[in-house]
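Look at the sequence and the model below before reading on. The notes that follow go from the whole chain down to single residues.

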Amino acid sequence: MIIEKDFLAKIFEGDKLFVFSEENTSVEYKDSTENDSILNEVAEKREVVESSIPQSKKVEKEVLILLPNQVEEAEKETLHKLLKAIGIEKNQYEVINDHPDSLKSIQHLKLFLSFHNQYLQSEEYSILKINKGNAIYAHSLSDLNTDQNKKLMLWNLLKKIV
């Protein structure tokens with residue numbers, strides 16, 4: 001079995017490493033200081049990349065609502081009526097415009113409502129269980145305003161949750 005010299009140097013970092021070649025009987029010494037400088041350079045670049053990635057905003061409310069960036073007044077009114085009908089007041093929910101990386105990481109989440117067509121998973125809405133909470137992916141609020149069947153389907157699911 002042939003193992004690359006560079007790979008061995010990384011395994012035995014800091015130790016003197018003698019590699020015997022099958023064709024040649026001479027001894028070769030690989031100094032790990034060259035690898036250390038490369039590893040430090042890679043670590044520095046990783047820190048720069050990680051710090052440039054925007055961190056998700058911490059969610060504090062138990063109800064999270066995903067909306068597109070542009071929401072008309074009629075759509076806001078529809079949302080307000082839906083939430084009021086299930087007993088959720090304005091101070092109990094938080095509106096976001098980007099889908100969280102992981103809903104499971106939000107431990108206190110009780111309800112996640114998505115009114116963003118980009119994340120719609122099916123034409124038939126369903127309640128998804130996430131930790132101790134529920135999630136519903138629905139059409140955009142403008143679609144709900146124009147299609148009473150979609151609005152009724154969402155309303156029936158919301159009644160089950162409450």
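What follows is a short briefing on the chain, its sheet, its cores and a few residues.

This is a predicted model, in which local features need pLDDT of at least 70 and side-chain atom pairs count only at pLDDT 80 or more, while totals for chains, interfaces and linings use all residues. Residues are numbered from 1 along each chain as its sequence is written, and side-chain values use heavy atoms, with hydrogens and water left out.

**The chain as a whole**

- The protein chain has five helices and seven strands; these are DSSP runs, with helices being H or I of at least four residues and strands being E of at least two, numbered from the N terminus.
- Along the sequence, these elements follow the pattern α-β-β-α-β-α-β-β-β-β-α-α.
- The protein chain has 162 residues, of which 30% count as buried. Buried means under 20% relative accessible area, exposed means over 50%, and partly exposed is in between (1.4 Å probe, protein chains only).
- Take the contacts (heavy atoms within 4.5 Å) in the protein chain between residues at least 6 apart in sequence: 61% of them join residues at least 24 apart.

**The sheet**

- Five strands form an open sheet in the order β4-β3-β5-β7-β6, with mixed pairing. Two strands pair if DSSP finds at least two bridges between them.
- Because β4 and β6 stand at the edges with a single partner strand each, one side of each has no neighbour in the sheet.
- On average, neighbouring strands of this sheet are turned by 20 degrees against each other, direction ignored. Axes are lines fitted to C-alpha atoms, for helices over the stretch in contact, and angles run from 0 to 180 degrees between N-to-C directions.
- β3 and β4 (residues 93–96) run parallel and are joined by four bridges. Across this pair, I65 stands opposite V95 in β4, and V63 stands opposite Y93 in β4.
- From β3 the chain crosses through α3 to β4, and this β-α-β crossover is right-handed. Right-handed means that, with the strands pointing away from the viewer, the path from the first strand over the helix to the second runs clockwise.
- β5 and β7 pair in the parallel sense over four bridges, and L111 has N134 in β7 as its bridge partner.
- β6 and β7 pair in the antiparallel sense over three bridges, and L128 has A135 in β7 as its bridge partner.

**Strand β7**

- Is β7 enclosed or open? Five of its five residues are buried, so β7 is largely enclosed by the rest of the structure.
- G133, A135 and Y137 lie on one side of β7 and N134 and I136 on the other, and all are buried, so that both faces are covered.
- In a regular strand the side chains alternate between the two faces of the sheet.
- Helix α5 lies across β5 and β7, and runs at about 180 degrees to β7.

**The nonpolar cores**

- A nonpolar core is a set of buried Ala, Val, Leu, Ile, Met, Phe, Trp, Tyr and Cys residues joined through side-chain atoms within 4.5 Å.
- The largest nonpolar core has 21 residues, and I65, L83, L113, F115 and L154 have the most contacts inside it.
- Two or more residues of this core come from each of β3 (63–66), α3 (73–85), β5, α4 (141–146) and α5 (148–161). Helix α5 gives the most, with four residues.
- A second, separate core has nine residues, including I96, L109, F112 and A135.

**Single residues**

- Leaving out residues up to four places away in sequence, F115 touches a list of residues that includes I65, L66, L79, L82, L144 and L154.
- S114 lies in strand β5 (residues 111–114) and is buried, with a relative accessible area of 1%. Its contacts beyond four places in sequence are L66, Y119, I136, Y137 and A138.
- N131 is in the loop between β6 (128–130) and β7 (133–137), and is partly exposed at 38% relative accessible area.
- The two strands form a hairpin with two residues between them, and N131 in the turn has a positive phi of about 50 degrees, although N131 is not a glycine. Most residues other than glycine have a negative phi.
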